[in-house]
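Please read the report below alongside the sequence and the three-dimensional view, and try to find each part in the view as it is described.

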Amino acid sequence: MDRSLSRRAFVGASAAALSLASGARSSAFAQQKNSISVRIERDITALDPAFRGGPHDANVIRCVFQRLAALKLDGSGLELDAASELKQVSPTLIEFTLKPGQMFTDGFGEMTAEDVKFSFERFAVAPVDGKVSPYKADWSGLAEVEVTGTHTGRIKLSQPNAGLMTIAIGDCSGCIVSKTAVTTRGAEHNTKPVGSGAYQVVSVEKQRGAVLRRNSGYKGPQPAFDEVKVNFIQDPKTAELALRSGELDFAVLPPAIAEPMRGASGLSVESQPGLAFIWLGINMQKAPFTDVRVRQAVRLALDVDQMLLAGFNGKAPRLNTLIMAPILGQWKDAPVYKRNVAEAKRLLAEAGQTAIKTRITVLNQPAFQTMALVAQALLREVGITADVDIREGGTYWDAGKGEAGKTLDMFMMRFNGKLDPSFLMQWFTASQIGIWNWQRFDSPEYDKLAQAAISEADPAKRAEIVVKAQQEMDKSAAFVWLTNDVAYVVRRSTVKPAFLPGAIDWQLEQFARA
Amino acid sequence: MSETAHYVASRLATTALIVLGAMLLLFALSALVPGDPATALLGPSATPEYAKRFIMEMGLDQPWYRRLFTFLGNVLLGNLGTDVLSGRPVTRVVADVLPYTFILTFTAIGLAVAIGVPLGCYAATHRGSVLDHVFAFVSVAFIAIPAFVIAIFLLLIFAIWLNWLPVLGAGEEGNWLDQAKRLILPTIALSVGWIGFIARLVRSSMLETMGENFIRLSRAYGLPGRLVTYKYALKNACIPTLAVLGMGVGRLLGGAVLIEIVFARPGLGRLMFDAISTRNFPVLQGAVLVVVLIFVLTNLLVDISYAAIDPRIRRQGSR
């Protein structure tokens, strides 16, 4: 028998082997996976609750550490996590009791009230090595955490903080770290965190992401997946291809990428209102915008719907005021400004401004650039000539700060929101001028209302205060609200994700099989 | 001192000056770059006191020339500084991504040489043939199409349509097969332009060399055509190609950033891109230093190798 391999036979065998390999890969994907792969759009910086880099870090942190109580997925309140009891005794006193036997990983022992004290006070009250947390505002009003027993303690506030449960205790800033682990590991704790949550970090690699594995010592509800791969994928197009090829199970993507994926095999695309706020701000302290009539004219010259159509393919909902659903204190009757060229021209003429030259500063992201170009065209019709100043992150984020902020004209901005109104309101007080209040909106009345909103424990009264504060913002005409963004969640149909409204804050430990 | 040793010593001295010059330029330029690093790195969460501390930890409250001296002093002790955001030493941060850059750069250059040189040789020895014209067309097309466009097409064909190769990342640690599979598409995407470039370069160098007197003399002596083409002509034609490859390695070390982004692969290019975007100067300085060092050392090796090929260069260098 002739056993020599002809060229034709070799090519045939290679093709068969390749198709077998590809078939094997497909069938492997079809099997029920015990791990999931999710996308984060920024690289992991520090997995330490007090020094996290942003929401991308927080999404890992929340499933590695426990909190006294965690926010419910619908954002309607808290459910107990590490605590067996959490009681608001008075506006300035909260008592807690920890469940016994909750163990930190890597042999760092049982969680005690001393760890809770350390975790909360290190933000600002008792910073380690003098390092104050950039998130110290989350714990605003905290005076002390008093340890009353191994598992019991009292959180004492110097002044009431109505947002404390939502912003701090129930969220990332409320994560409980091991005092011994943080002090012994030092900076290494950023990449080798010691928690007591559902997952533990197996590895963190620069530019790759993290691998999380089920924490066998976790006493709470067991997660559905043994392993979570958190992949840092900068380019949304790559994320799309990875979703289509089956390498990725979950990602939040921009509308332009996610929309065409509807109907893709094995994938599910869902859109929902975001929890970020995007607006066009006007510097009130820079001429000619010092005149309220000029600001009003800008507001009337713009067509928000047209701008959203250009920037978000019309997929993002319009925002008419600062606070969006489901956050407490929505101003339901907030005016919906329609474009009115004649009125805008009349206001400009009244202000003696018929040929304004100005600038709109935006971040170099497609949605902002497109919206700015539309705004430029709309403003031209009322006699305002606006240059669009597109900047990369490094220079953009500095544009409204310090002395530079005084020369800023108009800008477009996006801030991530949280489920508490005071979190959203904090950036517009006079003390934030030169920091994040780029409008240089200086209203003593607003400041008073913002402070009152933090202190007011009664939700109804608080909502009323928040609405009044928004009315103050509206009067200034320094804010042209655009949208609260839209979150496009793309997932494998076999995975059921878990996240708070807006899909910014994920609960990876609650991801389940669909 | 031998000619070669003298040549290497003079090149090493030049290398040290180049590194110093590059770092001087980087520090001077970084002082001119607008944007507050603390804000760029921390975003809205940056409280003024935290931002101030950040600036101090990065040494940005010092004049740039003082920072440069401190940096160079630390470099001599093997310390590239600390990434203030993660608290990790920059040496570790760079060392984490360096292997990925190395492997991608050298496989891409290797593939480009393996395909580009034979194509160039064939085109030179079959000048005016149909295949010569075809190679010319394909080479120019390869050079003209940006690598990231090729990358997207490769992904669509091999990862989505055929489902043969993966899309993401660099593969699981310790799993060589997985890592090799994830290297195929980025390597092809990165090398395509270089294949075209090397093919054109080898062709023109070969044609030039084959018209020289020593080749005519070799033929007149009746040496076999293959020997003349592949031993004498190709060897001489390799010198400009080697010089270009040296530059190519340098460009790919830091310049594969788009490919690294498209394939979500770690790498020095991405590291530097992220560092400059966020004004993370300690990481940027460390990464640039490493890239410059590798670049000049690669070019030193190239210089030495073509001095070995052509004794005339060695003699010129030692003078």
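## Two chains, seen as a whole

From the N terminus on, the elements of chain B run α-α-α-α-α-α-α-α-α-α-α-α-α-α, and the count for chain B is 14 helices and zero strands. Chain A, in turn, has 15 helices and 22 strands. Here helices (H or I, at least four residues) and strands (E, at least two) are DSSP runs, numbered from the N terminus.

This is a predicted model, in which local features need pLDDT of at least 70 and side-chain atom pairs count only at pLDDT 80 or more, while totals for chains, interfaces and linings use all residues. Residues are numbered from 1 along each chain as its sequence is written, and chains are lettered from A and ligands numbered from 1 in the order in which they are written.

Two terms are needed for the table and for much of what follows. A residue is called buried if 20 or more other C-beta atoms lie within 10 Å of its own, exposed if 12 or fewer do, and partly exposed in between, with the C-beta atoms placed from the backbone. Two residues are in contact if their C-beta atoms, placed from the backbone, lie within 7 Å.

| Chain | Span of the C-alpha trace along the principal axes | Residues counted as buried |
|---|---|---|
| Chain A | about 100 × 75 × 35 Å | 50% of 514 residues |
| Chain B | about 80 × 60 × 35 Å | 41% of 319 residues |

For chain A, with 514 residues, a compact globule would have a radius of gyration near 24 Å, and the value of 26 Å for the chain agrees with this. The radius is taken over C-alpha atoms, and the globule rule is 2.2 Å times the number of residues to the power 0.38. Among contacts in chain A between residues at least 6 apart in sequence, 67% join residues at least 24 apart; in chain B, residues 24 or more positions apart account for 72% of the contacts with a separation of 6 or more.

## Strands of chain A

Strand E15 (residues 276–282) of chain A is mostly covered, since seven of its seven residues are buried. In a regular strand the side chains alternate between the two faces of the sheet. In E15(A), Ala276(A), Ile278(A), Leu280(A) and Ile282(A) point one way, whereas Phe277(A), Trp279(A) and Gly281(A) point the other way, and all are buried.

Strands are said to pair if DSSP finds at least two bridges between them. E15(A) is joined by seven bridges to strand E18 (residues 410–416) of chain A, and the two run antiparallel; four bridges join E15(A) to strand E19 (residues 479–483) of chain A, again antiparallel. Gly281(A) has Phe411(A) as its bridge partner in E18(A) and Phe479(A) as its bridge partner in E19(A).

Elsewhere in chain A, strand E5 (residues 83–90) and strand E6 (residues 93–98) pair in the antiparallel sense over six bridges, forming a hairpin with two residues between them. Within this pairing, Ala83(A) has Leu98(A) as its bridge partner in E6(A).

## Helices of chain A

At 1.5 Å a residue, the twelve residues of helix H14 (residues 444–455) of chain A should span 16 Å, and its end C-alpha atoms are 17 Å apart, which agrees; the expected span is 1.5 Å times one less than the number of residues. In H14(A), Tyr446(A), Leu449(A), Ala450(A), Ala453(A) and Ile454(A) are buried. Seen down the axis of H14(A), these buried residues fall within an arc of 140°, so they line one face of the helix; the arc is that of the directions from the helix axis to the C-beta atoms. On the other side of H14(A), Pro444(A) and Glu445(A) are exposed. What covers the buried residues of H14(A) includes helix H13 (421–425) and helix H15 (459–476) of chain A.

Cys63(A) lies in helix H2 (residues 55–64) of chain A and is buried, with 25 other C-beta atoms within 10 Å. Leaving aside its neighbours within four places in sequence, Cys63(A) is in contact with several residues, including Gly197(A), Leu212(A) and Leu508(A).

## Where the chains touch

The contact takes 42 residues from chain B and 40 residues from chain A. On the side of chain B that touches chain A, H12(B) gives the most, with four residues.
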